[in-house]
Amino acid sequence: MIEWLLALLIVSGSFFGFTAALGLVRMPDIYTRMSTSGKAATLCCGLLLAAVAIQLQDARVTARVVAAILFLLLTVPVGAHMIARAAYRTGSPMWKGDTTGPSESASREQQ
């Protein structure tokens with residue numbers, strides 16, 4: 001039974017890692033790339049770390065895994081937001097299919 005749980009965690013973690021990598025390649029601008037890589041990579045790392053904790057069944061390893069998952073959950077969204085904000089402030093272009101460009105959003109912020 002535990003082997004099936006491990007397999008599920010590893011396969012789903014690998015799937016989310018693959019989607020993060022695919023999002024980095026396929027998304028049209030930095031903002032959507034940040035979104036896909038931040039969310040999927042966090043979930044990928046969390047699932048793989050959970051599989052390690054279940055496999056080893058050691059309290060010290062489990063404590064470190066929990067700390068690492070909490071660290072990822074707290075830092076990855078903030079880091080992605082800061083990178084996206086820096087790209088916005090430097091005028092990185094948005095996808096052409098987007099209806100709100102940086103100039104329209106910037107004029108709304110100034111008002």
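Visitor: Why is phenylalanine 16 called partly exposed?
Guide: The relative accessible area of phenylalanine 16 is 26%; buried means under 20%, exposed over 50%, and partly exposed in between (1.4 Å probe, protein chains only). Phenylalanine 16 is therefore partly exposed, and phenylalanine 15, at 48%, also counts as partly exposed. This is a predicted model, in which local features need pLDDT of at least 70 and side-chain atom pairs count only at pLDDT 80 or more, while totals for chains, interfaces and linings use all residues. Residues are numbered from 1 along each chain as its sequence is written, and side-chain values use heavy atoms, without hydrogens and water.

Visitor: What makes the pair of phenylalanine 15 and phenylalanine 16 edge-to-face?
Guide: Rings of Phe, Tyr and Trp (its six-membered ring) pair if their centres lie within 6.5 Å, and planes under 30 degrees apart count as stacked, over 60 as edge-to-face and the rest as tilted. Here the centres are 5.5 Å apart and the planes stand at 70°, so the pair is edge-to-face. A search of the whole structure finds 1 aromatic pair.

Visitor: How do you know that threonine 42 is buried rather than exposed?
Guide: Its relative accessible area is 13%, so threonine 42 is buried. Threonine 42 touches Ser37, Leu72, Leu73 and Val76, not counting residues up to four places away in sequence; contact means heavy atoms within 4.5 Å.

Visitor: Why is leucine 5 called partly exposed?
Guide: With a relative accessible area of 39%, leucine 5 is therefore partly exposed. Leucine 5 and alanine 51 are 46 residues apart in sequence, yet 8.1 Å apart in space, C-alpha to C-alpha.
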